[in-house]
Amino acid sequence: MKIAVIGYGGMGGYHVQNIREYAATNPAYPIEVAGIYDTDPQRAEAAREKGLRAYASAEDVFADAEVGAVLIATPNDVHAQYAYAAAQAGKHIICEKPIAMSVREAEKMYAAAQKAGVVLEVHQNRRWDDDFLTVGQLIKAGTIGQVYKIESRVVGANGIPGAWRKERAHGGGMMLDWGVHLIDQMLQLVPSETKSVYCEYSYIYGEEVDDGCELHVLFENGMRYDVVVATDCFRRLPRWQVYGTEGTATIEDWDLAGGVTRAKCKRDTQIVGVRAGNGFTKTMAQRSDASIEELPLPVVHAQPFAFYHNFAEVVAGKVSPAVRKEEVLRVFRLMEAAERSAQANEVIKIKI
Ligand SMILES: NC(=O)c1ccc[n+]([C@@H]2O[C@H](COP(=O)([O-])OP(=O)(O)OC[C@H]3O[C@@H](n4cnc5c(N)ncnc54)[C@H](O)[C@@H]3O)[C@@H](O)[C@H]2O)c1
C-alpha cells in the first residue's frame with residue numbers, strides 16, 4: 001500500500017522516516033510512501049531533496065489511484081476537511097492527534113469514513129511509550145499494592161513552539177497538543193468512569209491559547225489522576241509519580257530512570273524524628289531502611305512501529321484498530337468537560 005503524507009512539517013517528516021523504516025523491516029505488509037503534499041513550497045522542495053514525490057495539490061493526491069491511504073499531519077483545523085476528501089476518494093486514513101477541533105467534528109469524520117468503507121485511525125502513538133507501558137505493568141503486577149493516585153506530567157521551558165500552535169483558529173494550545181496524549185493514556189490506564197473533572201489553564205506567555213494545563217480527575221473507582229502540561233518550567237519534574245497502598249513509584253522521564261520504593265511493613269516502628277527547617281518532624285521523616293525496599297521499575301518495551309503495524313493489519317482486515325473510535329471520542333468529551341471547568345473555575349461532576 002502506498003501512503004501519501006499531507007502536511008510535511010515536523011510530524012510529517014517523522015512519519016515518512018518511520019514508514020520507510022517499518023517497510024524495510026516488515027515485508028509482510030509492504031507499505032511505501034507515495035509522496036507528500038504541503039501548502040508550503042519550501043517543504044515541497046525539502047521533500048524533493050529527500051527523493052520524495054511532492055504532489056502539486058491535495059486533489060492530485062486524492063486522484064492518484066496508486067495511493068491507498070493518506071496520513072494527515074497538518075495543523076489541527078484542517079484534519080477534518082482532508083479526512084472527508086480522503087474518505088470520498090476511497091483512501092484509508094491515518095489522522096494525527098487531536099483528530100479534530102471538537103467531538104462533533106470527530107464524529108462526522110468517523111461517519112464519513114464508515115460511509116466510504118475506509119479505515120480511519122488516529123495516531124495516539126503515546127500508547128506505545130515505554131514509560132506509559134511500564135506504569136500499566138506496575139499497576140497490573142500490584143507491586144505497590146492498590147494504586148490510588150497517579151501524577152502524569154510533561155514539562156518544558158520553551159513556551160508554545162511555532163506559529164499555528166499559538167492560534168485558536170488552528171487548534172493551538174497545549175491541551176490539544178499534549179493534553180490529548182496524557183488524557184488518552186489516563187483513560188487507557190483507569191478502568192472506570194469519571195466522577196468529576198477540574199481543570200485550570202495557564203496563560204503565562206500571554207497567547208490566546210493555553211500554554212499549559214492542570215487537570216484533576218476523580219474516577220468512580222476512587223482513582224485520583226492528575227495531568228500536568230507546562231511550558232514554563234525550567235526544572236525537571238518526574239514524568240510519572242504513582243502512589244499505591246504499599247509503595248510509591250517514580251519514572252523520571254522517557255529514559256525510564258526512576259524506581260519503586262515498597263513498604264515492608266505498614267508502620268515504621270524505628271522511625272526517628274529529624275530537624276526540618278526551623279523545626280522538628282517525625283511525620284515527614286524518611287522511612288528507616290529496615291521498613292522499605294528499593295526495587296527497579298518493571299520496564300516494558302513497546303514493539304517497534306506498533307502503530308503502523310496495527311494500521312496495516314486493520315487495512316488487511318486482520319485485526320480491529322488499536323485506537324478505537326469510542327476511545328477517541330471519550331478523550332474529546334473529557335477535554336470538553338475540562339474546558340468547561342476551566343472557564344467556570346468549577347469542579348464538573350460528570351460521568352465520562
Ligand atoms: N503524535 C504526536 O506525537 C505528534 C507530535 C507532533 C505533532 N503532532 C500533530 O501533527 C500535526 C502537525 O504538527 P507538526 O508539529 O508537524 O506541525 P508543523 O507546523 O511542523 O507542520 C505542519 C505542516 O503542515 C503544512 N500545512 C499547513 N496547512 C496545510 C494545509 N492546509 N494543507 C497541507 N499542508 C499544510 C505546513 O506548511 C507544515 O509544513 C498536528 O496535528 C499535531 O498535533 C503529533
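View 1. Contact requires C-beta atoms, placed from the backbone, within 7 Å. Helices (H or I, at least four residues) and strands (E, at least two) are DSSP runs numbered from the N terminus. The model is predicted: local features need pLDDT of at least 70, side-chain atom pairs count only at pLDDT 80 or more, and totals for chains, interfaces and linings use all residues. Residues are numbered from 1 along each chain as its sequence is written.

**View 2. Helix α9 (residues 325-344) lies across β7, β8 and β16.** Helix α9 runs at about 60° to β7.

**View 3. Nine strands form an open sheet of mixed pairing.** Their order is β15-β12-β11-β10-β6-β9-β8-β7-β16. Strands β15 (292-295) and β16 (348-349) are at the edges, each with a single partner strand, so one side of each has no neighbour in the sheet. Pairing requires at least two DSSP bridges between two strands. Strand β12 (residues 258-263) pairs with β15 in the antiparallel sense over four bridges, and Val260 stands opposite Leu295 in β15.

**View 4. The ligand lies between domain 1 and domain 2.** Domain 1 (2-123) and domain 2 (127-302 + 333-349) both give residues to the shell around the ligand, so it lies between them; the bounds come from an automatic or database domain assignment. The ligand is surrounded by 24 residues, counted if the C-beta atom, placed from the backbone, lies within 6 Å. The closest are Gly7, Gly9, Gly10, Met11 and Asp40.

Definitions and conventions
Two residues are in contact if their C-beta atoms, placed from the backbone, lie within 7 Å. Axes are lines fitted to C-alpha atoms, for helices over the stretch in contact, and angles run from 0 to 180 degrees between N-to-C directions.
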